[in-house]
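Hello,

The model we discussed is below. My notes on it follow; please read them alongside the coordinates.

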Amino acid sequence: MNLTLKIWRQKNADASGKMQTYNVTDISPEMSFLEMLDVLNEDLLKKGEDPIAFDHDCREGICGMCSLFINGKPHGPSQTTTCQLHMRSFKDGDTVYIEPWRAKAFPVVKDLTVDRSSFDRIIQAGGYISVNTGNAPDANEMPIPKDVVDEAMSSATCIGCGACVAACKNASAMLFVSAKVSQLAMLPQGKPEKQKRVEAMVAQMDEEGFGACTNTGACSAECPKDISLTNIARMNREYFGAKASSENV
Amino acid sequence: MKLDSQVPEGPLAEKWDKHKFNMKLVNPANKRKYEVIVVGTGLAGAAAAASMAELGYNVKAFCFQDSPRRAHSIAAQGGINAAKNYQNDGDSIFRLFYDTVKGGDYRSREANVYRLAEVSVNIIDQAVAQGVPFARDYGGLLANRSFGGAQVSRTFYARGQTGQQLLLGAYSALSRQIAAGKVKMFPRTELLDIVKIDGKAQGIITRNLITGKIESHSAHAVMLCTGGYGNVFYLSTNAMGSNGSAAWRAHRKGALFANPCFTQIHPTCIPVHGEYQSKLTLMSESLRNDGRVWVPKTLEDAEALRKGEKKPSDIAEEDRDYYLERKYPSFGNLVPRDVASRNAKYVCDEGRGVGTGLAVFLDFRDAIERDGEDVISAKYGNLFDMYQQITDTNPYKEPMMIYPAVHYTMGGLWVDYNLMTTVPGLFALGEANFSDHGANRLGASALMQGLADGYFVAPYTIGNYLTNVPYEKPSTDHEEFKKAEAEVNERINKLLNINGNKTVDEFHRELGKIMWDYCGMSRTADGLKQAKKLVQELREEFWTNLKTIGTNDELNLTLEKAIRVADFMELGELMIDDAFNREESCGGHFREEYQTPEGEALRNDEDFSYVSAWEYTGENQPWNLHKEDLIFENVKLTQRSYK
């Protein structure tokens, strides 16, 4: 199939960018979206033009490095990562708009590549259990009900891609932050630090410039890993509970 | 050069304890006077960086991805082995050790493997304490599953995302140390050279992938946790960015490279579908617990399936060849990876392949009938979804199609018992070293080894090394740093100014094809000779006809790839040399000349019970072979039999 691509080009963080039009031909429906961009980039390189920069690594939907805002949706039309989006989701003659994640806290680095280090700093603020290597009791010493661990696992599957932020009209990071807060708050190992954790992570989230949550649910609807909105409710409960007894008022 | 493995004296089970006691300690107050560099933030790197920082050392950690959480360990699906014996099925440290040595076809170092089995139990404890949500049974205790090459159930798992959960655990520990100021993290930064001063590794040269800035970093020790070199084959299950350059640069600076030809071809991957394909996707081998591997018995049925004239369900039970169950009744579909891969190749070579002809079925029909779709979905749901996403077929209704693909490299930098390479102060952890998996790695053992090295081995052995290192570290103004920076700049300039016509991907694809055809699942002396010539010619063409674009001082994806592929061009040749030298078949290394009448790998313990460790002697110069003899005192060498 043949497609028209409208792609955001921006030389670097300081330059201003614009949409540019490209045509690709003979695209197989079996190709992944990123393979289609590979083909375009090979063409550009052969013509002596600068290939389009986009982030990607594992290409199996788990590393969370790929992004792309495709036709107004993060990771494109199906609820998956861009690397797992296949060209069979498009029709011959389609025009496809490809933009970077848009959020103040995710500045553009080049073309479609953005800087998501704000996510790392939120985790550094408290997204962990303080246990040094060697400092652990036997793994079976503390039974954890299956349903609790299954629920924690569902929260823990977040890949940190940032689609939730890109989907949100306020560029809120609530789904990402709440997934980690929930995972650790549900597990007995995470309980000792749960108050401090939620306060610190929310504070860092605000400092990074992410927007507020207005409960539209776009984040969860677009999340390639199906992270549930329940996490946000859970985090709000944790947060209010923490604030009610906090020393950092 | 005499290779000294530094394996401690004494009975196997006491070696590590004794060694830990004999190693010198750095006083807590003095630890902060030392700085170590950790390259790579996968399981080994993140675990090592966090653990070293917790002990009080200053750490600089580097990764080429935008965040340390994205290292390719994250993609490991099935699980992690540990000798907990929670299932009361006869597991023990010795059994895990024994299975690993046997699974590796007796080409690994006993003492290292035993230590790995020993610390495996601590890894599970550590991960659980970090909040890793391993699967549990209704009583709230940890669940296990079986994996290839073992008859006990010792694999811990978190759905089909065990690597992700373990890596996020290590990443959280690393994040905590970054926040504490003990680790300085450098994402989007690639290692381009190792700096040696007075014969010791004292720093690295890096390139900032956003700005192109070339920088020097000095330290008291350098740890390479940079994974394997499977991408030499172009198509593999590795991430697009996974590369062998850090290990290769270390090799060129004097670190011996061990067993480079030992590469693992994973039996259960989604088959290749087209020229433009950029990577291969693995389906966890845990699927072989419930999936049955088969092809049609007759060539006619196979052809009808390939042409779409018949559906898999049209093939009657008696016309199906469950070839693994037939040939290996006791292990059945759970034979080790190399055996499963080779047998898939055989049936496809016979013309009984399905799909494109290079595929076999992995069928869940019977398991779904037996356990119900719910149970199968709970075990493998995300894998089934992934398969459907990629292939557009529903594995609950139709059998999956799979084919082997390059997955893991058992070879790597030669290290001694302390995980130190032949360059003092330069350590290699995880897949980057060679030590634990011999000629074939068992499933669920990569996560175990990466974390064992990072959490529980290197923090001790590096401490011991540092006790003999002065506090003062060299300045990055030292002439060796300046020289290395100049060399790196020269290499980059050269790559940017070839002005040829062929792209990096074209070269990489060609290299991969040579490696897959001649140095892949089966190898012959003639083929390897041919391959060596082809790789040399390709490398020459690379340096005269490469097309690159742009400059060094920007985000330049073409340049990044060119730097990596240039190193693969050299590494590929060494793999071929090693495969040529090893005139036997063992594990993942199958030389057609050396097989049993039944077509199984035929080892030659008399002549090849050694680690081949290759020394770099200069550009386009032949490598020097050093041999570390493998001495087996605790296991009896037998022909691996999974029948």
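Chain A has eight helices and seven strands. This is a predicted model, and everything here is computed from it. The C-alpha trace of chain A extends about 60 × 35 × 35 Å along its principal axes. Of the 249 residues in chain A, 58% are buried. Its accessible surface is about 9,600 Å², with carbon and sulfur atoms contributing 49%. Among contacts in chain A with a separation of 6 or more, 69% join residues 24 or more positions apart.

In chain B I looked at helix 10, residues 337-349. At 1.5 Å a residue, its 13 residues should span 18 Å, and the end C-alpha atoms are 18 Å apart, so the two values agree. Because 11 of the 13 residues are buried, helix 10 of chain B is largely enclosed by the rest of the structure. The buried residues include the charged Arg337(B), Asp338(B), Arg342(B) and Lys345(B). Their cover includes strands 11 (263-269), 12 (292-296), 14 (360-363) and 15 (400-409) of chain B, as well as helix 9 (323-327) of that chain. Just after helix 10, Gly351(B) has a positive phi of about 95°.

On cavities: the structure contains 13 of 30 Å³ or more.

Regards

Methods: Residues numbered from 1 in each chain as written. Chains lettered and ligands numbered in written order. Predicted model: local features only at pLDDT ≥ 70, side-chain atom pairs only at ≥ 80, totals over all residues. Heavy atoms only, no water. 1 Å grid on protein atoms, 1.4 Å probe; cavity = no way out; pocket = protein on both sides within 12 Å on 5 of 7 lines; lining within 4 Å. Points joined across faces, edges and corners; volume = space filled by probe spheres on them. Helix = DSSP H or I, 4+ residues; strand = E, 2+ residues; numbered from the N terminus. Expected span 1.5 Å × (residues − 1). Buried < 20%, exposed > 50% of the residue type's maximum accessible area, 1.4 Å probe, protein only. Contact = heavy atoms within 4.5 Å. Areas by Shrake-Rupley, 256 points an atom, 1.4 Å probe, with all protein chains shown as cover.
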